[in-house]
Amino acid sequence: MSERRQQILAVAAELFAEKGFHGVSIAELGAACGFSGPALYRHFRSKDAVLAAMLVNISDELLAEGRRRVDAATSPQQALEGLIDWHVAFALEHKALIVVQDRDWSALPLEAREKVRETQRAYVDVWADQLLALDAGLTRQQARAQVHAGFGLLNSTPHSAFLDRAEMHRLLSDMAARALLPA
């Protein structure tokens, strides 16, 4: 992805988080990026395409890095610890994306929504597989439920990040480990 497209997505995430997808015009987005609104169409065919690229790309990134963390681990526990560390860092770095995903989901074009759902299900299963390896008594549905509950904690950063970044990272990591890892 070009540097300019990445810049547009980063700026759009902040604006959409602040004002909502429907509250941001193409002209406003372009101006925030340092060019005219219509110039945005050289990079994206529409504002909908910006939202789609934003949420599809970040879902792909979460899944790819999650798989890398699991592949690099020597045990399911180490894999979960790596997944927690990665997701906490992501959540602290990308609070705006979490807000956009939560609030503007319904504005996402259908094809992109299906792609994001499919990718997110795969990401949940990366985590669930590790929980199942640690606790044979869990069902897949229970493991997925635990992962979603853990994500609720980790993705609370837009509302809960009152501490400095390092302290918040430690707090969320410790809470998620207590919630997901065997004692």
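Is Ala 17 buried or exposed? Ala 17 is buried, because its relative accessible area is 17%, where buried means under 20% relative accessible area, exposed over 50%, and partly exposed in between (1.4 Å probe, protein chains only). This is a predicted model, in which local features need pLDDT of at least 70 and side-chain atom pairs count only at pLDDT 80 or more, while totals for chains, interfaces and linings use all residues. Residues are numbered from 1 along each chain as its sequence is written, and side-chain values use heavy atoms, with hydrogens and water left out.

**Overall build**

- The chain has nine helices and zero strands; helices (H or I, at least four residues) and strands (E, at least two) are DSSP runs, numbered from the N terminus.
- In sequence order the pattern is α-α-α-α-α-α-α-α-α.
- The C-alpha trace spans about 55 × 35 × 25 Å along its principal axes.
- Of the 183 residues in the chain, 46% are buried.
- Counting contacts between residues at least 6 apart in sequence, 67% join residues at least 24 apart; a contact means heavy atoms within 4.5 Å.

**Surface and charge**

- The accessible surface of the chain is about 9,500 Å², and 52% of it belongs to carbon and sulfur atoms; accessible areas come from the Shrake-Rupley method with a 1.4 Å probe, and for residues only the protein chains shown count as cover.
- There are 20 positive and 23 negative side chains, and the centres of the two sets lie 5 Å apart.
- Lys and Arg count as positive and Asp and Glu as negative, with His and the chain ends not counted; the place of a charge is NZ of Lys, CZ of Arg, CG of Asp or CD of Glu.

**Annotated regions**

- An unreviewed UniProt entry lists "domain: HTH tetR-type" at residues 2-62; UniProt positions are given in the numbering used here, feature names are shortened, and annotations may be inferred rather than shown by experiment.
- The span of residues 2-62 is 67% helix and 0% strand, and its end C-alpha atoms lie 19 Å apart.
- UniProt also places the feature "DNA-binding region" (unreviewed entry) at residues 25-44.
- Residues 25-44 are 40% helix and 0% strand, with 14 Å between the end C-alpha atoms.

- Leu 29 sits in helix 2 (residues 26-33) and counts as buried at 0% relative accessibility.
- Leaving out residues up to four places away in sequence, Leu 29 touches Ile 8, Val 11, Ala 12, Leu 15, Val 24, Leu 40 and Val 50.
- Leu 29 and Leu 9 are 20 residues apart in sequence, and their C-alpha atoms are 9.8 Å apart.
- Phe 44 lies in the loop between helix 2 and helix 3 (47-72) and is buried, with a relative accessible area of 4%.
- With residues up to four places away in sequence not counted, Phe 44 touches Arg 5, Ile 8, Leu 9, Ala 49, Val 50 and Ala 53.
- The C-alpha atoms of Phe 44 and Glu 14 are separated by 17 Å, and the two residues are 30 apart along the chain.

**Helix 5 and its cover**

- Helix 5 (residues 95-104) is mostly covered, with seven of its ten residues buried.
- Those buried residues are Ala 96, Leu 97, Ile 98, Val 99, Val 100, Gln 101 and Asp 104.
- Their cover includes helix 1 (3-19), helix 3, helix 4 (76-93), helix 6 (110-134) and helix 8 (157-160).
- Ala 17 is in helix 1 and touches Ala 96, Val 99, Val 100 and Arg 103, not counting residues up to four places away in sequence.
- Ala 17 and Gln 101 are 84 residues apart along the chain, with 9.0 Å between their C-alpha atoms.

**Helix 9**

- Met 175 lies in helix 9 (residues 165-180) and is partly exposed, with a relative accessible area of 32%.
- Met 175 and Lys 19 are 156 residues apart in sequence and 31 Å apart in space, C-alpha to C-alpha.
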